Amino acid sequence: MAAHRCNIFMLVFVLCGLTYVFVRADIEDTNHVKDAESVAVDIARKANIGASLRSTKTEDQTQAAEKERQWEAETNPADAPSDNKADHVHDTMQNLDSRPAPYAKDQTQEAAEEERQWEATEVKEADHVPDTMQTPDVPPPTPAKDQFQEELVIRPLHSGDIYASFQFRTMWDTDFLRGSKVSHYRLFPKSLGQVISKFSVRELHISFTQGYWRTMQWGQPFLPSPPGAELWVWFQDTVTDVDGAWKELTNVLSGIFCASLNFIDSTNTVQPSASFKPLGLGNVTDQRFLRYAVLPREIVCTENLTPWKKLLPCGSKAGLAVLMKSEKLFHSSFHSQALHFRPVCQDWKCKSTVWELRQTLNVVFDLHTSGQGKREWSLFKMFSRTLTEACPLASSSKVYVDVTDNPQGELFELSPTTPLLSQAVVLGDRRTYSVYDLTNQATFGQTRSLNMLLRWRAAESGDMLRPLLHGERYVAGYGLQTGEIHTLMYNNHPYRAFPVLLLDTVPWYLRLYIHTLTVTSKGRDNKPSYIHYQPSKDRLRPHLLEMLVQLPPNSVTEVTMQFERALLKWTEYTPDPNHGFYVGSSVISALVPSVVAMDTNSTRECPLFSSFFPCKEESSYFMRVYTEPLLVNLPTPDFSMPYNVICLTCTVVAVGYGSLYNLLTRTFQVEEPSPGLAKRLANIIRRLRGVPLL
């Protein structure tokens with residue numbers, strides 16, 4: 001039976017195959033016939049068009065000849081001489097210009113030749129119609145309106161640590177704010193593009209940072225960021241409900257980045273008046289469309305890094321992003337990932353604008369926490385991986401190593417060596433970098449892998465120049481009722497004074513005494529030239545203080561202000577209230593004098609790490625500095641007391657009420673005493689003898 005079934009199945013399969021072959025051949029024959037008919041129809045149509053054109057040309061030539069003969073007949077009687085010289089000149093010009101007979105003859109001949117040429121061309125085109133139909137003209141591809149660049153900067157620090165900064169930039173020439181939605185995304189992340197289009201966002205800046213940047217040991221970072229999570233957004237002036245859009249935007253971004261941005265509300269959101277101006281194009285400076293918030297307690301971990309990497313065109317599969325291994329990045333002294341979206345100029349005349357999405361990741365690897373024990377670094381030791389290829393979608397992929405302090409190789413040795421050197425003005429100083437171009441296959445060598453090695457030759461790296469601008473912050477006082485906030489701003493320039501803009505955001509439960517505000521420099525009062533203060537409202541909004549202060553050269557300016565701690569409701573305390581409450585970092589913004597002339601052309605090709613903040617003057621550059629966050633203790637009730645009260649109450653209820661309940665509900669019965677052993681034996685004997693029991 002099984003054999004018969006197999007034979008039947010094979011027969012059915014063969015019949016189906018033959019049927020498919022015959023049907024396919026019939027369809028192809030039908031298509032060929034239809035193609036031939038369409039070609040014949042096109043030839044006939046073109047022939048009819050040619051005949052109509054020839055008849056039209058013949059009629060036009062006949063009418064032109066009749067008009068010329070009539071004109072000649074009318075002009076022949078006018079050959080009499082004229083006394084007026086002007087009339088004579090006019091008639092002469094007419095006679096020179098009007099020679100109708102030869103001209104008409106030449107025109108007729110040319111028309112006939114054109115008709116013959118047109119007919120030949122028509123037949124030739126008709127002969128080539130099938131080829132044209134088989135191979136239609138394909139329009140040339142339009143140039144891409146978006147591009148992607150990636151860079152990695154490695155800077156050896158004087159402390160022996162290594163500073164690595166990843167820069168990814170996506171440029172897109174599109175309009176997110178038009179009426180029709182953008183539906184095609186090539187390099188730009190679609191999830192972020194839809195958010196920007198929906199909420200009419202003009203600029204978006206978000207950062208997640210774990211650790212504090214030690215400016216006095218490491219110098220200035222390329223892109224500063226405060227500890228925790230920071231978010232500030234410029235909305236379009238067409239947004240009517242900015243607060244509602246801000247609330248929805250924070251919730252959406254919280255889901256995209258797997259962060260606690262949904263805890264941003266009115267109690268930690270402010271509208272700075274001068275500190276956070278747009279970094280891109282646009283004249284919108286109305287602070288009503290600006291929102292700024294910071295969560296200093298936000299913990300950055302792997303769940304924040306993974307969605308950030310997915311926004312890259314190549315993800316973490318190719319290019320520089322393959323080095324971003326979570327266990328290595330978070331085993332460091334400092335880690336910060338950020339995303340910046342803004343409009344920028346496309347050319348130096350700024351006739352057109354493009355949207356720029358810049359993703360940055362900064363990390364500092366500590367020599368001691370890594371457990372290496374010697375001053376030697378490599379890509380594999382830092383990231384546990386090496387570079388094998390550039391991102392296929394990237395137009396530029398480069399690795400920069402800062403060799404400014406190592407011109408002759410006396411401090412450290414870099415291998416493999418590269419002949420490419422580049423100079424860039426970074427933070428007001430001219431730096432020299434060794435460049436590794438990943439788009440060039442010769443960079444990887446025969447091993448097809450790039451593993452740069454830094455080996456220090458000198459025991460000490462030398463003294464580091466002090467940064468020109470530095471800030472610190474701490475809390476003073478004793479007890480849990482009052483306190484004092486101290487902010488220190490250092491100007492280390494030997495002879496130049498410059499103004500700085502200080503922004504302080506203090507929660508509502510620290511009630512500031514604004515009349516106690518003092519600003520001193522070199523033991524003297526330093527009166528701010530601009531003060532903007534917005535008082536807080538309990539459980540509604542925080543304090544906002546902005547000041548413009550002039551910092552004398554080589555000085556320390558101290559800003560102090562007293563506050564009083566408020567009592568919170570027991571539901572407003574955190575799960576670990578004894579740990580304390582965090583206060584966000586102070587923000588110091590300034591135009592710092594530059595050692596070299598800055599480049600004001602932001603569209604000129606230069607490394608990504610040197611072209612983030614716009615520069616409008618050659619003598620100064622913009623710098624933003626963040627201080628440490630504060631940890632403040634508030635009057636905290638003894639949360640163990642409710643537990644004690646609950647235990648005592650339950651004990652009293654169990655003992656007192658239980659005993660009373662038993663007394664009221666129990667029934668009592670009188671029981672006779674049990675007889676003795678002799679009496680029980682006597683009763684047994686009596687029962688056996690049939691005698692009544694005792």
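**Surface and cores of a predicted chain**

The accessible surface of this predicted model comes to about 39,800 Å², and 55% of that area belongs to carbon and sulfur atoms.

Colleague: Is Leu-688 buried or exposed?

Modeller: Leu-688 sits in helix H12, which spans residues 677-689. A residue counts as exposed when its relative accessible area is over 50%. Leu-688 has 74% relative accessibility, so Leu-688 is exposed.

Colleague: Which residues form a nonpolar patch on the surface with Leu-688?

Modeller: In an α-helix, residues three or four places apart point the same way, because there are 3.6 residues a turn. The patch has about 440 Å² of accessible area together, and besides Leu-688 its members are Leu-677, Leu-681 and Ile-684.

Colleague: Which residues have the most contacts inside the largest nonpolar core?

Modeller: That core has 93 residues. Its largest share, seven residues, comes from H7. Apart from it lies another core, of 38 residues, with Val-425 and Met-561 among them. In the largest core, the residues with the most contacts are Phe-235 and Leu-387.

Colleague: Which residues of helix H8 are buried?

Modeller: Buried means under 20% relative accessible area. The cover over the buried residues of H8 includes helices H7 and H9 and strands S2, S7 and S8. Within H8, residues 302-310, the buried ones are Asn-304, Leu-305, Pro-307, Trp-308 and Lys-309.

Colleague: What share of the contacts with a separation of 6 or more comes from residues 24 or more positions apart?

Modeller: The chain has 12 helices and 26 strands. Among its contacts with a separation of 6 or more, the share from residues 24 or more positions apart is 76%.

Note on methods
Residues numbered from 1 in each chain as written. Predicted model: local features only at pLDDT ≥ 70, side-chain atom pairs only at ≥ 80, totals over all residues. Heavy atoms only, no water. Patch = residues over 30% accessible without salt bridge, like charges linked within 9 Å, V, L, I, M, F, W, Y side chains within 5 Å. Areas by Shrake-Rupley, 256 points an atom, 1.4 Å probe, with all protein chains shown as cover. Salt bridge = Lys/Arg side-chain N within 4 Å of Asp/Glu carboxyl O. Helix = DSSP H or I, 4+ residues; strand = E, 2+ residues; numbered from the N terminus. Buried < 20%, exposed > 50% of the residue type's maximum accessible area, 1.4 Å probe, protein only. Contact = heavy atoms within 4.5 Å. Core = buried A, V, L, I, M, F, W, Y, C linked by side-chain atoms within 4.5 Å.
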